[in-house]
Amino acid sequence: MYEEGQVRKVDDCLEQVLETLGPGDLFLTGANVLDAFGHAALLIGSSGGGGYGVCMPFLYTEGVHTMVLSSVTKLVPGDLTQLLPQISRRRCNFSYGMACSLLPVPGQIVTECQALEAVAQVAARVFSSGGSVDGRASIAIQVDGARDQVERVLALVEQVKSLPQELPAEPGSSAECSFPCFGCGHHIACAYANKQAIFHQISQRHNGKREV
């Protein structure tokens, strides 16, 4: 939480802090899934949605301005509102990793295009995405505008490309994405934890060795 120039961790008093938020506050979040109709959702692997399950009622009811920072690489075909009822962690019998549900997220969606249009007077359009090897998560964006504004975007792109090639996350946070992890007890249908309802033998890697 950032307030009056100070940053503090509020994990241990999240609900109490959320009760104080209102229209004058900003909530920033990411999203795992976007659609072309302006909907966003998070993957939820814990009962009740974990920490996000605590946040959502306040975001929907208290007028908190929410910005959803994500990428067009998260786009899925179709309408998320039609997909939501079909995706359920409790209806999943087999999953590579924890089974997930989808939790809709309210707010203003900001992708690469909106970000570029916010820092320069340009129009940005995604016209291609994906590839192989180093281009697997790439997107192609056309930028239209005055020369000085386009050059401003290009300078920003070069600045971003010069950043260290490392995950934008706290050290050690990726541990929860591996088996075993501290959240395994809450996950269901995870084949790595032998919780699947459908029998299917999978291989696992431990210390560089593959076990079957």
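The following legends describe close-up views of a predicted model.

Residues are numbered from 1 along each chain as its sequence is written. Because the model is predicted, local features need pLDDT of at least 70 and side-chain atom pairs count only at pLDDT 80 or more, while totals for chains, interfaces and linings use all residues; side-chain values use heavy atoms, with hydrogens and water left out.

**View 1. The whole protein chain.** The protein chain contains five helices and twelve strands; helices (H or I, at least four residues) and strands (E, at least two) are DSSP runs, numbered from the N terminus. Of its 212 residues, 27% are buried, where buried means under 20% relative accessible area, exposed over 50%, and partly exposed in between (1.4 Å probe, protein chains only).

**View 2. An open sheet of three strands.** The strand order is β4-β5-β7, with antiparallel pairing. Strands β4 (33-34) and β7 (101-105) stand at the edges, each with a single partner strand, so one side of each has no neighbour in the sheet. Two bridges join β4 to β5 (residues 40-44) in the antiparallel sense; two strands pair if DSSP finds at least two bridges between them. The bridge partner of L34 in β5 is A40.

View 3. Helix α2 (residues 50-61) lies across β5 and β7, and runs at about 30° to β7; axes are lines fitted to C-alpha atoms, for helices over the stretch in contact, and angles run from 0 to 180 degrees between N-to-C directions. Contact means heavy atoms within 4.5 Å. The buried residues of α2 are C55, M56, F58 and L59. Their cover includes α1 (14-18), β3 (26-29), β5, β6 (65-69) and β7. Just after α2, G63 adopts a positive phi of about 75°.

**View 4. The loop residue G78.** G78 is placed in the loop between β6 and α3 (80-83). With 44% relative accessibility, G78 counts as partly exposed. Apart from its neighbours within four places in sequence, G78 is in contact with D35 and F37. The C-alpha atoms of G78 and F37 are separated by 8.6 Å, although these residues are 41 residues apart along the chain.

**View 5. Residue V160 in helix α5.** V160 belongs to helix α5 (residues 147-161). Its relative accessibility is 48%, and V160 therefore counts as partly exposed.
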